[in-house]
Amino acid sequence: MAEATSIAQRQRQRQRKFHRRSRNGCSTCKAKHIRCDERRPLCTYCLRHGGDCGYPDGDDGSSTTEAGRGSGSRDGSREPHESAEPCLHLLDATPKDPFLGTSYDMPHKSRSLFQLFTNTRVLYTTRVERDANSFIVHKALSHPGFLHAALLMTALHWAWSTGDVEHFRVPYLYHKLQAIRFVTDQLRNPDAAGHDGTIAAVSSLALVENALGSVDVVSSHLRGLAKIKELQGEDRRPKKMGLLQRMILMAARRVSSRPVWDILDISRTDYVHQSMIISLLRVALRPIYSLDILGSSCGSEEPLSEILARKAPHPRASDSNVLAPLRSVDGSRSGFIACYFYLYVIMREGTVDSFILIWFIEQLLADVCRTEAPMQKEQYSPSLWLWSVMFGACATMAAKTSDDLERSQMNVMRDVYLDKINLVSQMLSLKSWEAAKSILRLFAWDDGFDGEMELRAIWEEAVWQDDGRRFKWYSAENVDYQNAKHCW
């Protein structure tokens, strides 16, 4: 009797649990015998795992077919049918697509997003015209990682300027998936993984997700970046952090060690507060990862990616195909800038590719210019403003450029920041570096900071050195500077 009962129990255990069949699921889920949730344009499985989310012929025209891996069929599986929206093939340099003038086959629903990227940029919530010869456009067309990063960033900036996250939902999800696939492929080759385009792709994924509030997803992208840095040879790993990273760590330490009300006095200027200041508060008081852990990991025997995996936030269930309504623009931008702090500390390098830096520098400078008039009227803290422009100047000097066009355009940004340093120094009658340092100390300063000599050189260049060159540069005849000044 007992034996018969045991046999019956084993038979019940062998029985498959019933679930609803997915008759209209995508080809990838069918091939893997996985129940598909049939979400469009990308099912949840394919969005998370990089599958070729295609649906059989006969579906309505509202669906979008992903064909990121090619359209060759495999025995025993139903591959996606050929879509009217081709995917990005970024291998052959022969010009084919008249829309771009290159070999890039841009999906039709991405073309308006690409045109927005090439024609405009967003400063806070204001759209301004992008220079037709901007290096960032040239660079986006040079590598798939840069291109996906540019379009993801542009979709986010559109949401900042309009409050509409749905308008570019389909191309955003498409390029998000393509960026994940691209980075996954690059990680198989250490040389390709370390390319600046790969780093730009994984960085953009982290930035837009943090700006949209997906903290658990951000942590996975930060771990991916740490893994990329580990794949680089010892000769490419920096022995010492750059000045930009050291300033971030110093500010985070000072902010976390003092009460907030002892640092910030923004009660009268909430409407113009700087996202960089709020971002420093976020990473110091509510971090995804402790910056001290990120900063001290260089000497650790345990790889940083494993440390981050151990300390990762507990994942929350979420629908990867749904974009939450945009929180406040200030909240989203502070999340965006805060994520840059994590990225820079993980990268550690003294110089960072200018393509990655420019999105950060433009937003910092937009805040500086929004708060300039209140600062001059003593309605905004001059110490915060001086700290912000000194930090921004450090960021411009950390740019790694590859050609004369990049160098000249980054130098324009650098000199605009030097102009701002000179402005606030004259307003506060700062006649020496010691006087300037006393103002910086009101917000965040460590006595014995190992970047003091570098910061002093920046301040002295802005205020004292080579006055003849500076007055010539800032003259009405200098077209580059006047164009930059008009934008800011």
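Asn210 counts as buried because its relative accessibility is 3%; buried means under 20% relative accessible area, with a 1.4 Å probe and protein chains only. The model is predicted: local features need pLDDT of at least 70, side-chain atom pairs count only at pLDDT 80 or more, and totals for chains, interfaces and linings use all residues. Residues are numbered from 1 along each chain as its sequence is written, and side-chain values use heavy atoms, without hydrogens or water.

Asn210 sits in helix H9, residues 196-211. Helices are DSSP runs of H or I with at least four residues, strands are E runs of at least two, and both are numbered from the N terminus. A polar atom of the Asn210 side chain lies 2.7 Å from the backbone oxygen of Gly335. Leaving out residues up to four places away in sequence, Asn210 touches Val215, Val218, Ile288, Arg327, Gly335 and Cys339. Contact here means heavy atoms within 4.5 Å.

Now step back to the whole protein. It has 22 helices and four strands. Of its 488 residues, 54% are buried. Among contacts between residues at least 6 apart in sequence, 71% join residues at least 24 apart.

Where is empty space left? Rolling a probe the size of a water molecule over the atoms shows it. The lining of the second largest cavity includes Arg121, Met153, His157 and Trp359. Strand E1 (120-123) and helix H6 (144-162) each supply at least two residues of this lining.

Key: On a 1 Å grid over the protein atoms alone, a cavity is a set of points where a 1.4 Å probe fits but cannot get out, and a pocket is an open set with protein on both sides within 12 Å along at least five of seven lines; lining residues have an atom within 4 Å of a point. Buried means under 20% relative accessible area, exposed over 50%, partly exposed in between (1.4 Å probe, protein chains only). A polar contact is a pair of N or O atoms within 3.5 Å; within protein, one must be able to donate a hydrogen and the other to accept it, and residues adjacent in sequence count only if both atoms are side-chain atoms.
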